[in-house]
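This report describes the fold and selected local features of a single protein. The sequence and the structure are shown first.

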Amino acid sequence: MITICRFAASVLFAVVPTTILTLTIARDDQPTNQSREAGRKQPTTPLISPAGLPARPTWREDVRANTDALGQAQQEPSLAISRRDSDVIVVAAKDFRATENVSRSVWIYTSHDGGRTWPRNQRFPQMSEDIIRHSDPVAVARDDGRLYVIALGTGTPVPSNHGLFITWSDDDGVTWHDAVTVTAQRRTGFDDKEWLTIDQAPGSPYYHRMVVAWRPSRFDALWSTYSVDGGLTWTAPISAADGDIHSAYPVFDANGRLLLFFIDPLKNDEPGTIRFVVSDDGGDTFSLPRKVVDVRQPKSPLNARDRFRVLSIISSAIDPNDPDRMVVAWTDARDVDTNGSDAMLAYSHDGGATWSDPIRLSSDPPGQVRDDFLPVIHGGVRGRLHAFWMDRRGDPDNVLVNAMYRASGDGGVTWGPSSRVSDLATDHNVAVPPISPSPGDYWGLDSVGNRVCAAWTDTRDGNEDIYVDCAWMADLGLMYYLPVMLHEG
Ligand SMILES: [Ca+2]
Ligand SMILES: [Ca+2]
Ligand SMILES: [Ca+2]
């Protein structure tokens, strides 16, 4: 059911002297000028619902983002909403349409109407003549409207022909820049599970610096590199942390401090520890690792009847307005015998110095064996934390999956009522491509102002597709101001 009328973001461009462009995104029935002087600092006190917790967003009908009719698999979506116009949304996913499920490319799907239609499906630009398959897409929106997608590519032989590649769009996803090599594999082995972050705080000394971190298979380490020119050139990779570690998740805080989270080690059905390293110089040097929390990683598959893998890939977010507030989320099996797997999180309110005990993000009643897995976290306007994960609560057989959402208005301490995002429960065991038995190691989640969008893998049509839903959060108020500094050149 659609209860929110067309978003119809009115975008006001007010060019002021020098090079400052102030951009306002608001609903068309809202005032647009009165708070422009508010600057980039958003209120740190979140608006909350009368009940004291963030209310359920108004989710709509699910929409399939991949428009092919070939019945091949699409997996592992990442989603970004344009900061220039929140009707513009891109999803990047692993897409097998061209190869009858034997190999995959990353494809980029674009919507210009707030997620209602996805007329544009494009393959990630050619990486090199030797690269024939892609994986691990990550989409990130920059505050001036630019949209990025990074992915890994492999050729033959693997892993000696391999690299990380990035592309971007300055025209709302219509055209994409030629693929740029972030790192070309020569001696590092298979560069796996890269993640991209961008410093988006205009006051930061590293404003618009882009950091990519990943796991090189031939070294027990996480490596990182950065770009200061929007992705055209990248520094020589350095080791940010050593050890049998994986699932790099870099995040900038509002002061330009870079935190790089990871799990140590990434191993199914084993204990692990989530840690992070800190860079106070924009990625040139990193601290020694600091502990967040001990976790119990899930079995893979989750149970005997499943045919898809689940890794304890982590997700993290820092309050864009309060660098002290941050959360990390993961899939945990400590209570698997009573709860199935659970989505869990830990929070810090002192910049990572101390962390909470693990908190159960799963919102179904404990004591029933229902799997919850692969939570993703996003830090949005006014300190709201968004969480999205897969949830089997609705199926007594613990098979069918729904996409689930809930939010926190107090930095992760308490969480509002959960809401079902997906209109239908589907089975992730349907039509699993043998070459890639993973609907995804993560899902898509992003928000701008009062709009939140999620993307996930869904088999309602008999094979893996990417479905998207975008919601409106009425309890956050109706305004959002986003000043954008545009630098000449
Ligand atoms: Ca499909
Ligand atoms: Ca559970
Ligand atoms: Ca829905």
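The model is predicted: local features need pLDDT of at least 70, side-chain atom pairs count only at pLDDT 80 or more, and totals for chains, interfaces and linings use all residues. Residues are numbered from 1 along each chain as its sequence is written, and chains are lettered from A and ligands numbered from 1 in the order in which they are written.

**Composition**

The protein has 31 strands and one helix; these are DSSP runs numbered from the N terminus (helices H or I, at least four residues; strands E, at least two). Of its 489 residues, 56% count as buried, that is, with 20 or more other C-beta atoms within 10 Å of their own, C-beta atoms being placed from the backbone (exposed: 12 or fewer; partly exposed: in between). Among contacts with a separation of 6 or more, 59% are between residues 24 or more positions apart; a contact requires C-beta atoms, placed from the backbone, within 7 Å.

Strand 16 is joined to strand 17 (residues 258-264) by five bridges, and Pro250 stands opposite Leu260 in strand 17.

**The nonpolar core**

Leu260 is also among the residues that touch the most other members of the largest nonpolar core, together with Val91, Ala139, Ala329 and Ala454; this core has 124 residues. Such a core is a set of buried Ala, Val, Leu, Ile, Met, Phe, Trp, Tyr and Cys residues joined through C-beta atoms within 7 Å. Beyond its neighbours within four places in sequence, Ala329 is in contact with residues including Ile314, Leu345, Leu361 and Ile377.

**Backbone details**

| Cis peptide bond | Omega |
|---|---|
| Asp264 to Pro265 | near -15 degrees |
| Ser300 to Pro301 | about -5 degrees |

Pro265 lies in the loop between strand 17 and strand 18 (271-279), and Pro301 in the loop between strand 19 and strand 20 (315-318).

Lys193, though not a glycine, has a positive phi of about 40 degrees. Lys193 belongs to strand 12 (residues 191-198) and counts as buried because it has 23 C-beta neighbours inside 10 Å. Leu374, also not a glycine, has a positive phi of about 55 degrees. Leu374 is found in strand 24 (residues 372-379) and is buried, with 25 other C-beta atoms within 10 Å.

Note on methods. Two residues are in contact if their C-beta atoms, placed from the backbone, lie within 7 Å. Two strands pair if DSSP finds at least two bridges between them.
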